[in-house]
Amino acid sequence: MRLGNLLIDNPFVQAPMAGWTDAPFRTVARRFHDGLLYTEMVSAEALCRGNRRTLDYCRIDERHHPVALQLVGHDAGRLAEAARIAARFRPDFIDLNAGCPDLKMIMQGSGGALLRKPEKLAAIVSKVAGSVRTPVSVKLRLGWGRDDSVRIGKMLEGTGAAFLTFNCYMVTQGHSGPGDREALRRVVEEVDLPVIANGGVRDEEDAVAMLKFTGAGGVMMGRSTRGRPDRPKTACDLLNEGTFKGMDIETLGKTVREHARLECGMFGEERGMGRMRKHLHWYLKAGGADNRKLPVDRLSTMEGLDRLLERALGHSR
Ligand SMILES: Cc1cc2nc3c(=O)[nH]c(=O)nc-3n(C[C@H](O)[C@H](O)[C@H](O)COP(=O)(O)O)c2cc1C
């Protein structure tokens with residue numbers, strides 16, 4: 001997959017997910033594949049104000065490349081300023097969020113609200129792309145309440161955007177409902193920019209089917225990577241070799257422990273373990289464990305994690 005000047009072997013992309021794709025998650029994902037990773041979305045306003053937690057979200061480890069740092073905001077000047085700050089973290093792309101359906105974002109005129117005014121979005125992308133040397137990309141949906149994707153995509157052609165990621169839902173659909181892959185196929189055909197297809201991919205087979213059906217340069221996977229940071233690799237294996245092998249129990253146990261150690265290293269044991277619990281639910285599900293019977297939500301220490309893994313997966317270090 002070619003994105004701007006970058007050639008990436010794996011066409012399957014890890015989606016940005018707030019609260020999930022932090023630096024520890026990215027380090028773990030990188031153990032499995034060389035595909036494009038994303039940070040969580042970062043508030044342009046908070047970045048301009050120098051908010052410490054926001055700066056933490058921008059931390060990029062050498063191992064994370066290729067990686068996109070995603071900004072969310074609504075004002076072209078502030079986004080351009082935030083992009084200049086973001087560029088100091090040396091991401092491979094600065095991505096602009098024009099799809100988030102959260103009410104808080106919409107009320108601010110950010111995220112998906114930008115699709116109500118595509119002219120404003122195009123002006124923002126031009127301004128940001130003209131302010132930094134880092135290539136700029138845009139992650140958006142088909143439209144606000146109806147499919148407007150080809151028109152919006154064409155408006156973004158002359159802005160300097162390196163590529164577009166289209167989620168096959170409308171903003172008003174949130175994260176549910178049927179996605180429109182036909183619409184993605186039309187965008188790929190008609191818009192003169194590399195397109196990554198996103199939305200509703202269930203598993204490896206579905207990821208490969210989405211890639212083939214849409215003809216997109218790549219496919220981005222979000223919810224299906226929870227507890228499965230290896231999925232962009234297994235999807236790529238399926239594409240190239242016709243078969244794939246998921247994590248075995250030992251790899252799963254090792255991955256969970258490394259992920260937890262990294263979360264605790266970055267945020268301290270109490271907060272790190274707190275952040276880890278939601279991941280653990282999904283890791284255990286991936287391992288076939290019945291996590292309803294396990295004290296995942298009371299987990300607060302690494303020793304507790306070891307005991308829990310022993311019980312759930314029957315796996316020792
Ligand atoms: C918990 C969660 C957090 C998300 N955070 C972001 C985000 O920070 N930036 C963004 O562009 N999209 C975000 N998304 C949307 C995903 O990147 C993706 O577009 C969406 O989930 C559809 O892909 P999927 O069906 O493969 O999950 C988030 C989605 C979820 C479920």
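How far apart do the C-alpha centres of domain 1 and domain 2 lie? They sit 28 Å apart. Keep in mind that this is a predicted model.

- The protein chain splits into domain 1, covering residues 2–241, and domain 2, covering 249–313.
- Where the domains touch, domain 1 puts in 8 residues and domain 2 puts in 11 residues.
- On the domain 1 side of that contact, you'll find 4 nonpolar, 2 polar and 2 charged residues.

**Around the ligand**
- There are 23 residues around the ligand, and A15, M17, M41, G222 and R223 come nearest.
- Sorted by class, this shell has 9 nonpolar, 11 polar and 3 charged residues.

**Helix α13**
- Helix α13 runs over residues 302–313, so to speak a stretch of 12 residues.
- From first C-alpha to last, α13 reaches 16 Å, close to the 16 Å expected at 1.5 Å a residue.
- Its buried residues are L305, L308, L309 and A312.
- Looking down the axis of α13, those buried residues fall within an arc of 100°, so they line one face of the helix.
- On the face of α13 turned away from that buried side, E303 and R307 are exposed.
- Among the elements that cover the buried residues of α13 are α11 (249–267) and α12 (269–286).

**Helix α6**
- Helix α6 takes up residues 118–129, and its 12 residues should span 16 Å at 1.5 Å a residue.
- The buried residues here are P118, L121, A122, I124, V125, V128 and A129.
- Seen down the axis of α6, these residues stay within an arc of 160°, so they line one face of the helix.
- What do the buried residues of α6 pack against? They pack against α4, β6, β7 (136–141) and α7 (149–157).

**P101, in a loop**
- You'll spot P101 in the loop between β6 (93–98) and α5 (103–108).
- P101 counts as partly exposed because it has 19 C-beta neighbours inside 10 Å, while a buried residue would need 20 or more.
- P101 and G111 are 10 residues apart in sequence, and their C-alpha atoms are 6.8 Å apart in space.
- Setting aside neighbours within four places in sequence, P101 is in contact with I106, G111, G112, V171 and G174.

**Two backbone details to look for**
- Is the peptide bond from H65 to P66 cis or trans? That bond is cis, with omega near -5°.
- P66 has its place in the loop between α3 (52–57) and β5 (67–72).
- R90 is not a glycine, yet its phi is positive, at about 55°.
- Look for R90 in the loop between α4 (76–87) and β6.
- R90 has 13 C-beta neighbours inside 10 Å, so it counts as partly exposed; the cut-off for exposed is 12 or fewer.

Conventions
Residues are numbered from 1 along each chain as its sequence is written. This is a predicted model: local features need pLDDT of at least 70, side-chain atom pairs count only at pLDDT 80 or more; totals for chains, interfaces and linings use all residues. A residue is near a molecule or strand if its C-beta atom, placed from the backbone, lies within 6 Å of it. Ala, Val, Leu, Ile, Met, Phe, Trp, Tyr, Cys and Pro count as nonpolar, Asp, Glu, Lys and Arg as charged, and the others, Gly among them, as polar. Helices (H or I, at least four residues) and strands (E, at least two) are DSSP runs, numbered from the N terminus. The expected span of a helix is 1.5 Å times one less than its number of residues. The arc is that of the directions from the helix axis to the C-beta atoms. Two residues are in contact if their C-beta atoms, placed from the backbone, lie within 7 Å. Domain bounds come from an automatic or database domain assignment.
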